[in-house]
Amino acid sequence: EVEGLTRAGQRALALGDARGALGCFRRALLLSGGTASPWLRRVCAFNLGAAYVESGKPQKGLKFLLQSQPPARGSGEHLEDLYFNVGAAHEGIQDFPKALEYSGCAAGRGGVVQAGGRAGTRVQMGCCYLGMREPARAARCFLEAARSYAAAARPEAAAVALGRASGSMLQSRRFGAAEIAAVLARCRRLCDSIPDPALQGKLYNDIGLGYSQLRVFSLAADSFRQALALCSAQLDHRGEAVVLQNLGAAHNALRSFGTALGWHRRAAALHGALGNRRAQGQCFGNLAYACSRLRNHEAAAENYLHALQAFRDSGDVQGQWQACEGLGTACFHLGDPRKAVEHYKEAL
């Protein structure tokens with residue numbers, strides 16, 4: 001019966017039914033208490049603990065994972081999965097030093113751990129270093145993970161690890177632009193071989209953001225266009241709104257203001273339909289800026305007013321002063337210095 005419940009729990013986990021899995025594993029652990037096998041009780045405690053961690057309850061998971069430890073480390077039992085999950089539980093409760101300690105134990109279990117397992121441990125360690133605000137060390141962990149995933153013929157996981165690596169490299173400011181661009185290019189090449197269009201779209205958007213931070217706006221815009229096609233095909237309206245906003249901002253940076261207008265309008269309309277007032281305000285602000293650069297100051301003033309109202313509705317004070325400052329500039333160009341002064345004072 002314990003074996004049957006364990007198999008049912010594993011099936012439920014594979015199908016994303018965390019509640020069903022937890023029920024099976026809890027029942028299996030209860031039944032294992034009536035057997036004469038300490039090993040079976042440890043296995044059941046491990047399954048329940050790992051399921052709690054996976055379902056976002058690391059504190060509960062840690063309690064059962066610690067019960068699953070063998071009495072002696074030299075017991076011959078395979079401990080890699082245990083160390084990995086205990087590390088994940090500590091990461092979940094933001095005890096990053098302890099999480100790193102267990103992740104290091106999992107990584108150091110010799111050649112028993114396969115390439116994919118090593119990569120997962122490196123990703124876990126990278127997330128811990130990010131939690132400890134050490135993005136340079138996090139970046140190196142993610143790069144090692146990407147190499148291991150590539151060796152294990154897992155291009156999707158390798159691309160995700162490279163995306164995390166580039167973000168950490170940008171955050172750390174210890175890497176040169178050429179190094180970061182090379183990682184983004186590797187990630188972009190892997191994207192073409194990913195069969196999941198939702199993941200593809202997210203990665204292309206992240207790559208575009210990376211290129212934007214490097215100020216390589218032509219490659220950023222190209223990546224956003226690829227992300228947009230994938231989001232549109234998947235009817236992912238939230239993702240589409242975000243990508244449209246990023247695409248418009250990239251064209252502003254490229255000084256392609258006429259082209260940018262269409263992207264800004266579409267992004268503002270879609271964010272509005274989804275109820276994202278703050279993001280809609282940002283789109284109106286970007287649209288107003290493009291209008292001002294095209295010397296259409298009347299349209300700029302109108303869109304800055306829309307942005308100001310959206311920022312008021314969403315309580316974004318920084319957005320409000322930026323919109324007021326833009327309104328001041330638009331009014332000055334429209335020959336109304338008195339109103340311009342009022343808006344500048346409000347901005348201050």
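Modeller: Gly131 has its place in helix α7, which covers residues 115-131. Please keep in mind that what we have here is a predicted model.

Colleague: Is Gly131 to be called buried, exposed or partly exposed?

Modeller: The general idea is that buried means under 20% relative accessible area and exposed over 50%, with partly exposed in between. Gly131 has a relative accessibility of 34%, and therefore counts as partly exposed.

Colleague: How many residues apart in sequence are Gly131 and Ser55, and what is their C-alpha to C-alpha distance in space?

Modeller: Gly131 and Ser55 are separated by 76 residues in sequence, and their C-alpha atoms lie 20 Å apart.

Colleague: Where is Cys44, and which residues is it in contact with, leaving aside its neighbours within four places in sequence?

Modeller: Cys44 belongs to helix α3, residues 38-54, and with its neighbours within four places in sequence set aside, Cys44 is in contact with Val2, Ala28, Leu29 and Ser32. Because its relative accessibility is 2%, Cys44 counts as buried.

Colleague: Turning to a loop, what surrounds Ser68, and what does its side chain lie 2.6 Å from?

Modeller: Ser68 sits in the loop between α4 (58-67) and α5 (80-92), and at 6% relative accessibility this residue counts as buried. A polar atom of the Ser68 side chain lies 2.6 Å from the backbone oxygen of Leu65. Leaving aside neighbours within four places in sequence, the contacts of Ser68 are with Arg42, Ala45, Phe46 and Leu82.

Colleague: Now for pairs of helices: at what angle do α9 and α10 pack, and how should I read that angle?

Modeller: The general idea is that an angle over 145 degrees counts as roughly antiparallel. Helix α9 (residues 155-172) and helix α10 (residues 177-191) pack at about 155 degrees, their axes being 9 Å apart, which means that α9 is roughly antiparallel to α10. Their crossing is left-handed.

Colleague: Which residues of α9 and α10 meet, and how do they divide by class?

Modeller: On the α9 side the meeting residues are Pro155, Ala158, Ala159, Leu162, Gly163, Ala165, Ser166, Met169 and Leu170, and on the α10 side they are Glu179, Ile180, Val183, Leu184, Arg186, Cys187 and Leu190. By class, this contact of α9 with α10 has 12 nonpolar, two polar and two charged residues.

Colleague: How do α15 and α16 themselves pack, and what is the handedness of their crossing?

Modeller: Helix α15 (residues 277-293) and helix α16 (residues 297-314) pack at an angle of about 165 degrees with their axes 8 Å apart, and the two are therefore roughly antiparallel to each other. The crossing of α15 past α16 is left-handed. Their contact includes Phe284, Leu287 and Tyr289 from α15, and Tyr304, Ala307 and Phe311 from α16. By class, the contact of α15 with α16 has 11 nonpolar, nine polar and three charged residues.

Colleague: Ser223 is found in α12; is Ser223 buried or exposed, and what does it contact?

Modeller: Ser223, within the stretch 217-233 that forms α12, counts as buried because its relative accessibility is 0%. Leaving aside neighbours within four places in sequence, Ser223 is in contact with Arg188, Tyr204, Ile207, Gly208 and Tyr211.

Definitions and conventions
Residues are numbered from 1 along each chain as its sequence is written. This is a predicted model: local features need pLDDT of at least 70, side-chain atom pairs count only at pLDDT 80 or more; totals for chains, interfaces and linings use all residues. Side-chain values use heavy atoms; hydrogens and water are left out. Buried means under 20% relative accessible area, exposed over 50%, partly exposed in between (1.4 Å probe, protein chains only). Contact means heavy atoms within 4.5 Å. Axes are lines fitted to C-alpha atoms, for helices over the stretch in contact, and angles run from 0 to 180 degrees between N-to-C directions. Angles under 35 degrees count as roughly parallel, over 145 as roughly antiparallel, 65 to 115 as roughly perpendicular and the rest as oblique. A crossing is left-handed if the near helix is turned anticlockwise from the far one by less than a right angle, and right-handed if clockwise. Ala, Val, Leu, Ile, Met, Phe, Trp, Tyr, Cys and Pro count as nonpolar, Asp, Glu, Lys and Arg as charged, and the others, Gly among them, as polar. A polar contact is a pair of N or O atoms within 3.5 Å; within protein, one must be able to donate a hydrogen and the other to accept it, and residues adjacent in sequence count only if both atoms are side-chain atoms.
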